[in-house]
Amino acid sequence: MTDKQKDIEAVYSAVQGFSHGLMGKMSVDPLIVAAVLASTALSIYKTTLSPQDFDDIVDAIAAARNDVKSLPTLENFTDDDPTIH
């Protein structure tokens, strides 16, 4: 596994855990969490990519809509569950 892959998995796990904590322990509406994460991701892309690359990534995200997997329900999600990819 490359360092970049390790970084991706570490960040993914941290964001998953933080999101789970917001939705579960703090009872924040999952749609609010999703909206903030999506907005933050798009802002990062907009800030760091060229306009063409930004358009390309947004198009790629939209095209992958059928590949998105659901999270387990909060009732069935425990702190022992593995990271979801």
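Reader: Where is Ser 27 found in this model?
Author: Ser 27 sits in the loop between H1 and H2. The model is a predicted one.

Reader: Why is Ser 27 called exposed?
Author: Its relative accessible area is 60%. Exposed means over 50%. Ser 27 therefore counts as exposed.

Reader: What makes the phi of Ser 27 worth a remark?
Author: Most residues other than glycine have a negative phi. Ser 27 is not a glycine, yet its phi is positive, about 60°.

Reader: Why is Leu 71 called partly exposed?
Author: The relative accessible area of Leu 71 is 45%. Buried means under 20% and exposed means over 50%. The value for Leu 71 lies in between, so the label is partly exposed. Leu 71 is in the segment after helix H3 (51-63).

Reader: How far apart are Leu 71 and Gln 16?
Author: In sequence, 55 residues; in space, 9.9 Å from C-alpha to C-alpha.

Reader: How do you describe the packing of H1 and H2?
Author: Two packed helices are described by the angle and the distance between their axes. The axes of H1 (residues 3-23) and H2 (residues 30-48) come within 9 Å and cross at roughly 145°. The crossing is right-handed.

Reader: Which residues make the contact?
Author: H1 gives Val 15, Ser 19, Leu 22 and Met 23. H2 gives Pro 30, Val 33 and Leu 37. By class, 6 are nonpolar, 1 is polar and none is charged.

Reader: What reaches the backbone nitrogen of Leu 31 at the start of H2?
Author: A side-chain oxygen of Asp 29 does, to within 2.9 Å. The cut-off for a polar contact is 3.5 Å, so this pair falls within that distance.

Note on methods
Residues are numbered from 1 along each chain as its sequence is written. This is a predicted model: local features need pLDDT of at least 70, side-chain atom pairs count only at pLDDT 80 or more; totals for chains, interfaces and linings use all residues. Side-chain values use heavy atoms; hydrogens and water are left out. Axes are lines fitted to C-alpha atoms, for helices over the stretch in contact, and angles run from 0 to 180 degrees between N-to-C directions. Helices (H or I, at least four residues) and strands (E, at least two) are DSSP runs, numbered from the N terminus. A crossing is left-handed if the near helix is turned anticlockwise from the far one by less than a right angle, and right-handed if clockwise. Contact means heavy atoms within 4.5 Å. Ala, Val, Leu, Ile, Met, Phe, Trp, Tyr, Cys and Pro count as nonpolar, Asp, Glu, Lys and Arg as charged, and the others, Gly among them, as polar. A polar contact is a pair of N or O atoms within 3.5 Å; within protein, one must be able to donate a hydrogen and the other to accept it, and residues adjacent in sequence count only if both atoms are side-chain atoms. Buried means under 20% relative accessible area, exposed over 50%, partly exposed in between (1.4 Å probe, protein chains only).
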